Amino acid sequence: MSLFWRIFSLNAAGLIVAAALLLGPVTVSTPVLPGEALVVVGGLAALLAVNAVVLRVGLAPLAALGRAMATADLLRPGTRAEVAGPAEAATLITTYNTMLDRLETERTTSAARALSAQESERHRIARELHDEVGQTLTAVLLQLKRLADRAPDELRDEVGHAQEATRAGLDEIRRIARRLRPGVLEELGLVSALRALATEFTAHGLTVRHDVHGDLPPLPQGTELVVYRVAQEGLTNTARHSGADRAELRLEPVADGVELLVRDNGTGLGARPEGAGIGGMRERALLVGAVLTLEPAPEQGTDVRLRIPLTAGSR
Ligand SMILES: Nc1ncnc2c1ncn2[C@@H]1O[C@H](COP(=O)(O)OP(=O)(O)O)[C@@H](O)[C@H]1O
Ligand SMILES: [Mg+2]
């Protein structure tokens, strides 16, 4: 029965009983006799109880819908409110679920667009850093070298320092360019790129062990980039937030696909809210139909796991 008819018939029943009592032969004495009072109070209580039960049952699906709406998260898609209750509630819940379908699809397409724009922009900046700034600094380095050969003795030290600084700047630029655009991914493939990443993050009291299987099933190019970026953000977080001295980067085949694990022995995630980094990981995972989980590691620290099913649509 629809919510309208439930509420209407409850109200109607109460009013009809009241009217029938007014018109009917029933009388109440003044002062009221105990027996009469008992009947009136009992009748009223019964009516109120039925009213409360019917409304509670009828409105429960709406309360459940409210909870589902409050906890909906487009980055963890797939959860839908259960369609139940009277017609109006069921229609509302179905409409909400359809709206979620639409929003999730839109979010995925716009995220794909944004991420591919971001990747190509990184590509461009990396190329410019490498080609423009890198070339200029290389030219400066050569000039300094010529200068050093002809400089009088008292200036040679200073020119040497300038050479050092320029060389450091050049290294830094190459490092930034490499981080912006994982060229190794294109040149050497995912396995070597991940091993290089582990080596790159092994510094300043952090040791990153890598266990990257060489015999992985071939992954689509887009998926490889997602794996690389998730590993990169996972290790960046380990280095930046976890206080860990050991981390592990693992990529291995599993029953239904491939799994990436970034594990550290640090302080653990705690109750801190997820930021743009973790949000970005989730978004990239969604793009290739992968599942990202962040949970406490078995002993201490954090496990970031990316499970890529190989049947899932990959771009
Ligand atoms: N491996 C980790 N160990 C401990 N805390 C972490 C780890 N990874 C993430 N966090 C916590 O989660 C927060 C959100 O991370 P993230 O979304 O990457 O944002 P950001 O790195 O920009 O702060 C971090 O600020 C940090 O407090
Ligand atoms: Mg981060």
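Q: How many helices and strands are there in the chain?
A: Helices (H or I, at least four residues) and strands (E, at least two) are DSSP runs, numbered from the N terminus. The model is a predicted one, in which local features need pLDDT of at least 70 and side-chain atom pairs count only at pLDDT 80 or more, while totals for chains, interfaces and linings use all residues. Residues are numbered from 1 along each chain as its sequence is written, and chains are lettered from A and ligands numbered from 1 in the order in which they are written. Read along the sequence, the pattern is α-α-α-α-α-α-β-α-β-β-α-β-β, and the count is eight helices and five strands.

Q: How far apart do the C-alpha centres of domain 1 and domain 2 lie?
A: The domain assignment, whose bounds come from an automatic or database source, gives domain 1 (3-104), domain 2 (119-180) and domain 3 (189-309). Between the C-alpha centres of domain 1 and domain 2 the separation is 76 Å.

Q: Does Ala 46 count as buried or exposed?
A: Ala 46 has its place in helix α2 (residues 34-71), and its C-alpha atom is 80 Å from that of Leu 129, 83 residues away in sequence. A residue is buried if 20 or more other C-beta atoms, placed from the backbone, lie within 10 Å of its own, exposed if 12 or fewer, and partly exposed in between. Because Ala 46 has 10 C-beta neighbours inside 10 Å, it counts as exposed.

Q: What does Ala 112 count as, with 17 C-beta neighbours inside 10 Å?
A: Ala 112 lies in helix α3 (residues 87-150), and 25 Å separates its C-alpha atom from that of Leu 216, 104 residues apart along the chain. With 17 C-beta neighbours inside 10 Å, Ala 112 counts as partly exposed.

Q: Does Ala 290 count as buried or exposed?
A: Ala 290 is found in the loop between α8 and β4 (291-296). Leaving aside neighbours within four places in sequence, Ala 290 is in contact (C-beta atoms, placed from the backbone, within 7 Å) with Val 226, Ala 285, Leu 306, Arg 307 and Ile 308. Since 25 C-beta neighbours lie inside 10 Å, Ala 290 counts as buried.

Q: Which element gives the largest share of the shell around ligand 1?
A: A residue is near a molecule if its C-beta atom, placed from the backbone, lies within 6 Å of it. Of the 17 residues around ligand 1, Asn 237, Ser 242, Gly 275, Gly 277 and Ile 278 come nearest. The elements that give two or more residues to this shell are α7 (221-242) and α8 (276-287). The largest share, five residues, comes from α7.

Q: Which two residues does a cis peptide bond join?
A: Most peptide bonds are trans. In the loop between α1 (3-23) and α2 lies Pro 31. With omega at about -10 degrees, the cis bond joins Thr 30 and Pro 31.

Methods
Contact = placed C-beta atoms within 7 Å.
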